[in-house]
Amino acid sequence: MAKPVKSFTCAACAASFSKWSGRCDNCGEWNTISEDKGISAGPPSKSLGAKRGSAMQLTDLSTEEAPPPRSHSGIDELDRVLGGGLVPASAILVGGDPGIGKSTLLLQAAAHFAKAGLKTIYVSGEEASAQVRMRAQRLGLADAPVQLAAETNLRDILTTLDKERPQLAIIDSIQTMWADNVESAPGSVSQVRAASHELTAFAKRSGTSVILVGHVTKEGAIAGPRVVEHMVDTVLYFEGERGHQFRILRSVKNRFGPADEIGVFEMTGRGLAEVTNPSALFLSERGQPAAGSVVFAGIEGTRPVLVELQALVAPSPHAQARRTVVGWDSGRLAMILAVLEARCGIPFAGLDVYLNVAGGMKISEPAADLAVAAALLSAREDTALPAETVVFGEISLSGALRPASQTENRLKEAQKLGFTSAIAPAGGKAAAAAGISINTMSDLTGFVGEIFGA
Ligand code: TYD
Ligand code: MG
């Protein structure tokens, strides 16, 4: 008989290997590699039914068999991120740092879906049912018809779900689940993968929507939900800075709606509250126009969001000047600094550069380039930008400015919040919004000359 082929997976980066070693060749972490014990170790599965194996014409699908409608929780910020409500039989992963508020969010979601008429089960592997109930009481949700279970054994959970056939099952968290046919410890890649696979398969088979909670750590030391991401239909990340009360639920993958959609929440003493106007919130701490401060008119998913960028540029006491970024990509900052130096002759050598996106927001849009450049120049020259101005546009390596998408939406949002002018790349579909003047520029040199007179 052929020897069974063994495989090993790194818990930090999910790379696979044919033999064990103490250090992962891929990411360099120590003691993160463990053997995969596949689900094949369990009892043999049923053979495929004749019907399941057969193919059919796409056109044979009658419209009467259209999928059942989405369910709405009534928490608009959540429903929008889901792509317009919860899709039956879908598997959703909600990832985030420990303590960021995932359990709070999902308990609130469970209560809302249950009140909206969905049969809902909340399975906690981390807290006893009494603790979950106490939290629900604190959130004012004790009367919601949610069924609670405190359980980590996957087989027991699946048996319960099979019997109860809920419309929504929440598993908090996938790292605590334990499949008895897999030898490694809960939280290992093999366990997380086996549990996710079984629960996702259950969702497809039964029509239950399954929400899996996954912890990610900055070091990625726990078997991160990364291995789970490709198994599920939708991946949402719950992010935020510990010191801030704002929390952002962001869809990074969604088979049933747009990715990059965000929902904004505020952590209060009574759970998460929806923030329906994030721009107002992100700009609320803004004072008088100051050097280094610029308002960026951004788009997150389908929604315009205004955020304040803050830059500080100061002579560096170090041999190697510092570049520190919070809320934006540090590689992109290096690129903007290089373009400013090469195309506009403005050096940043010997200067420490700090860039911060206010409110704990994270931006990934290239359209933030021009706003970043404006903040850096404003800080370097110690000159504030004209008051009540928003900035957006992408910068190319040549120093040319590229038009951003959804110009009109950005301008409308700015106008709604009382801004009177905008600096934007030429060539965008800048259908002038009423009450806002647009200053269009075609390259960075022109921008520097006009705004900073350099
Ligand atoms: P939690 O939902 O337990 O986080 P996670 O499941 O992501 O680990 O949230 C933990 C934090 O939220 C905790 O530090 C306390 C805070 N919190 C509030 O501020 N208000 C509340 O109403 C609740 C329930 C929690
Ligand atoms: Mg939790």
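The exercises below concern a predicted model. Residues are numbered from 1 along each chain as its sequence is written, while chains are lettered from A and ligands numbered from 1 in the order in which they are written. In this predicted model local features need pLDDT of at least 70, side-chain atom pairs count only at pLDDT 80 or more, and totals for chains, interfaces and linings use all residues.

**Exercise 1. Describe the surroundings of ligand 1.**

Step 1. The shell holds 15 residues, and the closest are Gly 101, Lys 102, Ser 103, Thr 104 and Gly 271. A residue is near a molecule if its C-beta atom, placed from the backbone, lies within 6 Å of it.

Step 2. Sorted by class, the shell has 7 polar, 4 nonpolar and 4 charged residues. Ala, Val, Leu, Ile, Met, Phe, Trp, Tyr, Cys and Pro count as nonpolar, Asp, Glu, Lys and Arg as charged, and the others, Gly among them, as polar.

Step 3. At least two shell residues come from each of helix 3 (102-115) and helix 4 (129-138). Helix 3 gives the most, with 3 residues. Helices (H or I, at least four residues) and strands (E, at least two) are DSSP runs, numbered from the N terminus.

**Exercise 2. Follow the chain from strand 5 to strand 6 and state the handedness of the unit.**

Step 1. Strand 5 (residues 120-124) pairs with strand 6 (residues 147-150) in the parallel sense over 4 bridges. Pairing requires that DSSP finds at least two bridges between the strands.

Step 2. Val 123 has Ala 149 as its bridge partner in strand 6.

Step 3. With helix 4, these strands make a right-handed β-α-β unit. Right-handed applies if, with the strands pointing away from the viewer, the path from the first strand over the helix to the second runs clockwise.

**Exercise 3. Is Arg 323 buried, exposed or partly exposed?**

Step 1. Arg 323 is found in strand 15.

Step 2. Arg 323 is partly exposed because 15 other C-beta atoms lie within 10 Å. With C-beta atoms placed from the backbone, 20 or more within 10 Å means buried, 12 or fewer exposed, and in between partly exposed.
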